[in-house]
Amino acid sequence: MTRARSILTEIRRTREEVEQLRGAGTGTVTVGLSIAAHLALLPPSLRPFRARYPDIRLHIIEGFYPTLEERLRDGTVDFYIGPDGGAQPVPQLSREVLFHNRRIVLCRAGHPLAAATSLRELVGQDWVTTSITADASDEINAFFARHGLPPPRLAVRSQSALTLLTCLANSDLLAMVPAQWERFEMTGKALTTIRVGEELTAPPLVLVRRADLPLTPRRHAFARPDAPSHVSADDRTLGSAPKA
(Lines give C-alpha, C1' and ligand atoms only; values in the text may rest on other atoms or scores of the structure.)
Protein backbone atom coordinates (compact mmCIF):
# COMPACT_ATOMS: atom_id res chain seq x y z
CA MET A 1 0.00 0.00 0.00
CA THR A 2 2.84 2.39 0.85
CA ARG A 3 4.52 1.63 -2.48
CA ALA A 4 1.27 2.32 -4.35
CA ARG A 5 0.87 5.69 -2.62
CA SER A 6 4.49 6.51 -3.43
CA ILE A 7 4.00 5.74 -7.14
CA LEU A 8 0.83 7.86 -7.33
CA THR A 9 2.60 10.69 -5.53
CA GLU A 10 5.54 10.59 -7.95
CA ILE A 11 3.13 10.72 -10.92
CA ARG A 12 1.31 13.70 -9.40
CA ARG A 13 4.54 15.53 -8.58
CA THR A 14 5.92 14.94 -12.08
CA ARG A 15 2.74 16.30 -13.65
CA GLU A 16 2.76 19.35 -11.39
CA GLU A 17 6.44 20.04 -12.04
CA VAL A 18 5.91 19.93 -15.82
CA GLU A 19 2.92 22.26 -15.50
CA GLN A 20 4.84 24.64 -13.24
CA LEU A 21 7.84 24.75 -15.56
CA ARG A 22 5.40 25.73 -18.32
CA GLY A 23 4.22 28.61 -16.17
CA ALA A 24 1.07 27.14 -14.68
CA GLY A 25 0.47 28.35 -11.14
CA THR A 26 -1.54 25.40 -9.85
CA GLY A 27 -0.80 22.45 -7.63
CA THR A 28 -0.47 21.60 -3.96
CA VAL A 29 2.33 22.05 -1.44
CA THR A 30 2.04 19.78 1.61
CA VAL A 31 4.44 20.55 4.44
CA GLY A 32 4.87 19.38 8.01
CA LEU A 33 5.91 22.09 10.46
CA SER A 34 6.75 21.82 14.13
CA ILE A 35 5.55 24.52 16.51
CA ALA A 36 8.93 26.28 16.32
CA ALA A 37 8.85 26.17 12.51
CA HIS A 38 5.34 27.61 12.50
CA LEU A 39 6.46 30.54 14.64
CA ALA A 40 9.83 31.14 12.98
CA LEU A 41 9.10 30.54 9.31
CA LEU A 42 5.42 30.75 8.50
CA PRO A 43 4.82 34.45 9.37
CA PRO A 44 7.58 35.82 7.06
CA SER A 45 6.97 33.22 4.33
CA LEU A 46 3.20 33.05 3.95
CA ARG A 47 2.38 36.49 2.58
CA PRO A 48 5.08 36.61 -0.15
CA PHE A 49 4.32 33.02 -1.18
CA ARG A 50 0.60 33.71 -1.47
CA ALA A 51 1.29 36.89 -3.43
CA ARG A 52 3.53 35.04 -5.87
CA TYR A 53 1.47 31.84 -6.16
CA PRO A 54 -2.15 32.68 -5.34
CA ASP A 55 -3.52 29.51 -6.97
CA ILE A 56 -1.25 27.07 -5.14
CA ARG A 57 -3.05 25.15 -2.40
CA LEU A 58 -1.13 24.90 0.85
CA HIS A 59 -1.65 21.93 3.16
CA ILE A 60 0.16 22.63 6.43
CA ILE A 61 0.37 19.92 9.09
CA GLU A 62 1.44 20.71 12.66
CA GLY A 63 3.54 17.87 14.00
CA PHE A 64 6.95 16.44 14.75
CA TYR A 65 9.14 14.24 12.57
CA PRO A 66 8.24 10.85 14.12
CA THR A 67 4.55 11.36 13.32
CA LEU A 68 5.29 12.40 9.72
CA GLU A 69 8.08 10.00 8.73
CA GLU A 70 5.88 7.53 6.85
CA ARG A 71 4.20 10.31 4.85
CA LEU A 72 7.60 11.79 4.00
CA ARG A 73 8.75 8.39 2.79
CA ASP A 74 5.75 7.87 0.51
CA GLY A 75 5.88 11.47 -0.73
CA THR A 76 2.46 12.59 0.46
CA VAL A 77 4.24 15.20 2.62
CA ASP A 78 6.72 17.18 0.53
CA PHE A 79 9.03 18.18 3.35
CA TYR A 80 9.19 18.63 7.11
CA ILE A 81 10.77 21.51 9.03
CA GLY A 82 11.25 21.12 12.75
CA PRO A 83 13.68 20.24 15.54
CA ASP A 84 16.29 17.58 14.89
CA GLY A 85 15.48 14.54 17.00
CA GLY A 86 19.07 13.30 16.85
CA ALA A 87 18.54 10.02 15.04
CA GLN A 88 19.50 9.79 11.38
CA PRO A 89 16.53 9.77 8.99
CA VAL A 90 15.77 6.55 7.14
CA PRO A 91 17.88 6.06 3.98
CA GLN A 92 15.19 7.41 1.64
CA LEU A 93 15.17 10.78 3.40
CA SER A 94 17.69 13.61 3.44
CA ARG A 95 18.19 16.05 6.30
CA GLU A 96 19.50 19.61 6.07
CA VAL A 97 20.25 21.84 9.06
CA LEU A 98 18.57 25.22 8.61
CA PHE A 99 19.59 27.05 11.79
CA HIS A 100 20.57 26.45 15.38
CA ASN A 101 18.17 27.28 18.17
CA ARG A 102 17.73 27.90 21.89
CA ARG A 103 14.97 27.65 24.49
CA ILE A 104 13.25 30.03 26.85
CA VAL A 105 10.95 29.55 29.84
CA LEU A 106 7.41 30.87 29.40
CA CYS A 107 4.60 31.53 31.86
CA ARG A 108 1.37 33.51 31.95
CA ALA A 109 1.50 37.26 32.40
CA GLY A 110 1.31 37.98 36.13
CA HIS A 111 2.73 34.61 37.17
CA PRO A 112 4.16 34.82 40.72
CA LEU A 113 7.55 33.58 39.45
CA ALA A 114 7.74 35.78 36.37
CA ALA A 115 10.73 37.66 37.82
CA ALA A 116 12.76 34.52 38.63
CA THR A 117 16.36 34.53 37.39
CA SER A 118 17.40 30.88 37.73
CA LEU A 119 16.09 27.35 37.31
CA ARG A 120 16.64 26.82 41.04
CA GLU A 121 13.79 29.23 41.75
CA LEU A 122 11.52 27.11 39.52
CA VAL A 123 12.10 23.81 41.34
CA GLY A 124 8.83 22.28 42.50
CA GLN A 125 6.72 23.94 39.81
CA ASP A 126 4.45 22.08 37.41
CA TRP A 127 5.29 22.15 33.70
CA VAL A 128 3.59 21.63 30.35
CA THR A 129 5.85 20.30 27.64
CA THR A 130 6.09 19.39 24.00
CA SER A 131 8.57 16.72 23.05
CA ILE A 132 10.21 15.19 19.99
CA THR A 133 11.42 12.16 21.94
CA ALA A 134 9.55 9.17 23.33
CA ASP A 135 10.05 10.30 26.91
CA ALA A 136 9.00 13.92 27.36
CA SER A 137 10.91 14.19 30.61
CA ASP A 138 14.29 13.48 28.99
CA GLU A 139 14.68 16.88 27.36
CA ILE A 140 13.70 19.15 30.24
CA ASN A 141 15.17 16.98 33.03
CA ALA A 142 18.64 17.33 31.56
CA PHE A 143 18.74 21.09 32.19
CA PHE A 144 17.87 20.68 35.87
CA ALA A 145 20.22 17.73 36.37
CA ARG A 146 23.08 19.71 34.85
CA HIS A 147 22.79 22.17 37.73
CA GLY A 148 22.25 19.57 40.44
CA LEU A 149 18.51 20.25 40.71
CA PRO A 150 15.69 17.72 41.12
CA PRO A 151 13.65 16.97 37.99
CA PRO A 152 10.62 19.18 37.33
CA ARG A 153 7.08 17.85 37.59
CA LEU A 154 5.56 17.33 34.14
CA ALA A 155 1.82 17.87 34.51
CA VAL A 156 0.77 18.10 30.83
CA ARG A 157 2.32 16.85 27.59
CA SER A 158 1.14 18.30 24.29
CA GLN A 159 2.06 18.29 20.62
CA SER A 160 -0.24 21.19 19.85
CA ALA A 161 0.60 24.89 19.99
CA LEU A 162 -3.01 25.67 20.90
CA THR A 163 -2.96 23.26 23.84
CA LEU A 164 0.34 24.67 25.08
CA LEU A 165 -0.90 28.25 24.79
CA THR A 166 -4.20 27.49 26.52
CA CYS A 167 -2.49 25.70 29.40
CA LEU A 168 0.04 28.45 29.96
CA ALA A 169 -2.44 31.33 29.74
CA ASN A 170 -4.95 29.74 32.11
CA SER A 171 -2.79 28.22 34.84
CA ASP A 172 0.49 28.58 36.70
CA LEU A 173 2.13 25.90 34.54
CA LEU A 174 5.55 26.70 33.07
CA ALA A 175 6.96 25.65 29.70
CA MET A 176 10.45 25.41 28.23
CA VAL A 177 9.93 26.17 24.55
CA PRO A 178 11.84 27.30 21.45
CA ALA A 179 12.88 30.95 21.57
CA GLN A 180 10.56 31.80 18.66
CA TRP A 181 7.64 31.90 21.09
CA GLU A 182 9.02 35.15 22.50
CA ARG A 183 8.56 36.93 19.17
CA PHE A 184 5.08 35.58 18.46
CA GLU A 185 2.76 38.60 18.43
CA MET A 186 -0.41 36.66 19.23
CA THR A 187 0.96 35.56 22.62
CA GLY A 188 2.66 38.83 23.53
CA LYS A 189 0.04 40.00 26.03
CA ALA A 190 -0.89 36.61 27.45
CA LEU A 191 2.57 35.18 28.09
CA THR A 192 5.86 36.43 29.44
CA THR A 193 9.43 35.10 29.48
CA ILE A 194 11.15 34.08 32.71
CA ARG A 195 14.71 35.17 32.05
CA VAL A 196 16.77 32.49 33.77
CA GLY A 197 20.53 32.84 33.68
CA GLU A 198 21.23 29.24 32.62
CA GLU A 199 21.92 28.50 28.96
CA LEU A 200 18.99 26.59 27.46
CA THR A 201 20.09 25.05 24.19
CA ALA A 202 17.69 23.48 21.69
CA PRO A 203 18.07 21.08 18.77
CA PRO A 204 18.68 22.79 15.42
CA LEU A 205 15.77 23.12 13.02
CA VAL A 206 16.14 20.83 10.03
CA LEU A 207 14.47 20.26 6.68
CA VAL A 208 13.70 16.60 5.91
CA ARG A 209 12.46 15.39 2.52
CA ARG A 210 12.59 12.45 0.14
CA ALA A 211 16.14 12.33 -1.23
CA ASP A 212 15.04 11.05 -4.65
CA LEU A 213 12.21 13.55 -5.16
CA PRO A 214 13.48 17.05 -5.98
CA LEU A 215 11.24 19.86 -4.84
CA THR A 216 9.08 21.34 -7.59
CA PRO A 217 9.55 25.11 -8.20
CA ARG A 218 6.61 26.06 -5.97
CA ARG A 219 7.65 23.72 -3.17
CA HIS A 220 11.16 25.09 -3.38
CA ALA A 221 9.81 28.64 -3.19
CA PHE A 222 7.95 27.85 0.03
CA ALA A 223 10.99 26.11 1.58
CA ARG A 224 13.20 29.06 0.71
CA PRO A 225 11.18 32.13 -0.29
CA ASP A 226 14.24 34.30 -0.95
CA ALA A 227 15.90 31.94 -3.44
CA PRO A 228 15.24 31.42 -7.17
CA SER A 229 13.60 28.08 -7.95
CA HIS A 230 16.59 26.85 -10.01
CA VAL A 231 18.88 26.67 -6.97
CA SER A 232 19.89 23.05 -6.37
CA ALA A 233 18.88 21.17 -3.24
CA ASP A 234 22.52 21.01 -2.12
CA ASP A 235 22.77 24.80 -2.21
CA ARG A 236 19.47 25.43 -0.47
CA THR A 237 19.32 27.02 2.98
CA LEU A 238 16.45 28.83 4.56
CA GLY A 239 17.98 32.26 4.25
CA SER A 240 15.07 34.04 5.86
CA ALA A 241 15.29 31.98 9.06
CA PRO A 242 16.47 33.78 12.20
CA LYS A 243 19.91 32.75 13.43
CA ALA A 244 18.81 32.37 17.02
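The protein's secondary structure comes to 6 helices and 9 strands. Helices (H or I, at least four residues) and strands (E, at least two) are DSSP runs, numbered from the N terminus. This is a predicted model: local features need pLDDT of at least 70, side-chain atom pairs count only at pLDDT 80 or more, and totals for chains, interfaces and linings use all residues. Residues are numbered from 1 along each chain as its sequence is written, and side-chain values use heavy atoms, with hydrogens and water left out.

**Overall figures**

- Of the protein's 244 residues, 48% count as buried. Buried means under 20% relative accessible area, exposed over 50%, and partly exposed in between (1.4 Å probe, protein chains only).
- Among contacts with a separation of 6 or more, 77% come from residues 24 or more positions apart. Contact means heavy atoms within 4.5 Å.

**Strand β1**

- β1 has 6 of its 6 residues buried, so the strand is largely enclosed by the rest of the structure.
- Thr28, Thr30 and Gly32 point one way from β1. Val29, Val31 and Leu33 point the other way, and all are buried.
- In a regular strand the side chains alternate between the two faces of the sheet.
- β1 pairs with β2 in the parallel sense, over 6 bridges. Two strands pair if DSSP finds at least two bridges between them.
- Threonine 30 has histidine 59 of β2 as its bridge partner.
- Between β1 and β2 the chain passes through helix α2 (residues 35-52), and this β-α-β crossover is right-handed. The term applies if, with the strands pointing away from the viewer, the path from the first strand over the helix to the second runs clockwise.
- β1 also runs parallel to β3, joined to it by 3 bridges. Here leucine 33 stands opposite isoleucine 81 of β3.

**Helix α3**

- Helix α3 spans residues 65-73, and its residues Tyr65, Leu68 and Leu72 are buried.
- Seen down the axis of α3, the buried residues fall within an arc of 75°, so they line one face of the helix. The arc is that of the directions from the helix axis to the C-beta atoms.
- An α-helix has 3.6 residues a turn, so residues three or four places apart point the same way.
- The strands packed against by the buried residues of α3 are β1 (28-33), β2 (57-62), β3 (79-83), β4 (93-108) and β9 (201-210).
- Glycine 75 follows α3, and its phi is positive, near 85°.

**Arginine 103**

- Arginine 103 lies in strand β4.
- With a relative accessible area of 14%, arginine 103 is buried.
- Leaving aside neighbours within four places in sequence, arginine 103 has contacts that include Glu139, Phe143, Met176, Val177 and Pro178. Ala179, Leu200, Thr201, Ala202 and Pro203 are also in contact with arginine 103.
- Arginine 103 and glutamate 199 are 96 residues apart in sequence, yet their C-alpha atoms are 8.3 Å apart.

**Other buried positions**

- Serine 45 sits in helix α2. Its relative accessible area is 4%, so serine 45 is buried.
- Serine 45 and phenylalanine 222 are 177 residues apart in sequence and 7.0 Å apart from C-alpha to C-alpha.
- Leucine 213 belongs to the loop between β9 and α6 (217-223). At 10% relative accessibility, leucine 213 counts as buried.
- Glycine 27 falls in the loop between α1 (2-21) and β1. Glycine 27 is buried, at a relative accessible area of 5%.
- Glycine 27 and tyrosine 53 are 26 residues apart in sequence and 9.8 Å apart from C-alpha to C-alpha.

**Cysteines**

- The structure contains 0 disulfides. A disulfide is a pair of cysteine sulfur atoms within 2.5 Å.
- Cysteine 107 counts as buried at 0% relative accessibility.
- Cysteine 167 counts as buried at 19% relative accessibility.
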